[in-house]
Amino acid sequence: MYRKFFKRAIDLVVSLMAIILLSPILLLVAFLVKTKLGSPILFKQERPGLNEKKFTMYKFRTMTNEKDKNGVLLSNEDRLTGFGRFLRSTSLDELPELINVIKGEMSLVGPRPLLVEYLSLYNKEQARRHNVKPGITGWAQINGRNAVSWNEKFDYDNWYVDNYNLFIDIKIIIVTLKKVFVREGIQYNSNGDTNKFKGNKI
């Protein structure tokens with residue numbers, strides 16, 4: 001019953017309430033992004049969702065649009081500012097994903113939506129993460145976030161696919177808020193990104 005009906009209802013109600021309650025923070029972050037990083041305020045990127053159906057995910061921008069003399073964007077490392085790192089470490093850049101939840105493309109809790117380019121790299125077991133809607137946070141995020149290996153992350157995602165229920169979702173949300181507050185489990189390369197998945201031979 002929860003999986004078929006109540007999860008979506010809770011996603012919708014909580015997301016709408018969150019946008020209303022967090023509107024001052026959303027407006028402030030939007031203003032700061034505009035001031036410090038320029039336009040556009042939102043970063044939009046295609047990601048695979050339920051059953052690998054692609055959708056446009058929204059986040060606050062964390063990089064500038066600086067280009068070299070030939071009009072080519074500078075490296076991520078050169079475009080990621082201290083302000084952008086702050087948005088990522090506090091997960092404030094993720095707040096616009098509430099729009100995706102309201103649209104039904106994401107859930108509050110589920111495997112994080114990864115890059116489209118990874119789809120061809122998954123083995124059959126890893127691809128099961130797409131049997132549910134992707135989430136703003138998930139079981140992998142409260143068990144190491146970006147500090148665990150890809151194989152561990154996929155194991156956590158599939159455990160969630162097989163076992164999720166109302167109580168697990170509530171636990172994930174509560175623990176996520178705690179981890180975001182203490183900025184635990186965050187690990188980036190020098191360019192500010194998490195390590196990219198390169199596939200395996202399993």
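Predicted model: local features only at pLDDT ≥ 70, side-chain atom pairs only at ≥ 80, totals over all residues.
**Entry 1**

I looked up the second largest pocket and noted a space of about 180 Å³. It has 14 lining residues, and those closest to its centre are Arg3, Lys7, Arg8, Lys133 and Tyr164. I then sorted the lining by class and got 6 charged, 5 nonpolar and 3 polar residues.

**Entry 2: helix α4**

I went on to α4, which runs over residues 82-89. Which of its residues are buried? I wrote down Phe83, Gly84, Leu87, Arg88 and Ser89. As a reminder to myself, residues three or four places apart in an α-helix point the same way, because there are 3.6 residues a turn.

I also checked what the buried residues of α4 pack against, and found α2 (23-37) and α7 (166-182). After α4 comes serine 91, and I noted that its phi is positive, near 65 degrees.

**Entry 3: arginine 112**

I found arginine 112 in the loop between β3 and β4, the latter being residues 135-137. Is arginine 112 buried or exposed? Its relative accessibility is 12%, so it counts as buried; the cut-off for buried is under 20%.

I listed its contacts, leaving out residues up to four places away in sequence. Arginine 112 touches Met57, Glu94, Glu97, Met106, Arg129, Pro134, Gly135, Ile136, Thr137 and Gln141.

Technical notes: Residues numbered from 1 in each chain as written. Heavy atoms only, no water. 1 Å grid on protein atoms, 1.4 Å probe; cavity = no way out; pocket = protein on both sides within 12 Å on 5 of 7 lines; lining within 4 Å. Points joined across faces, edges and corners; volume = space filled by probe spheres on them. Nonpolar A, V, L, I, M, F, W, Y, C, P; charged D, E, K, R; others polar. Buried < 20%, exposed > 50% of the residue type's maximum accessible area, 1.4 Å probe, protein only. Helix = DSSP H or I, 4+ residues; strand = E, 2+ residues; numbered from the N terminus. Contact = heavy atoms within 4.5 Å.
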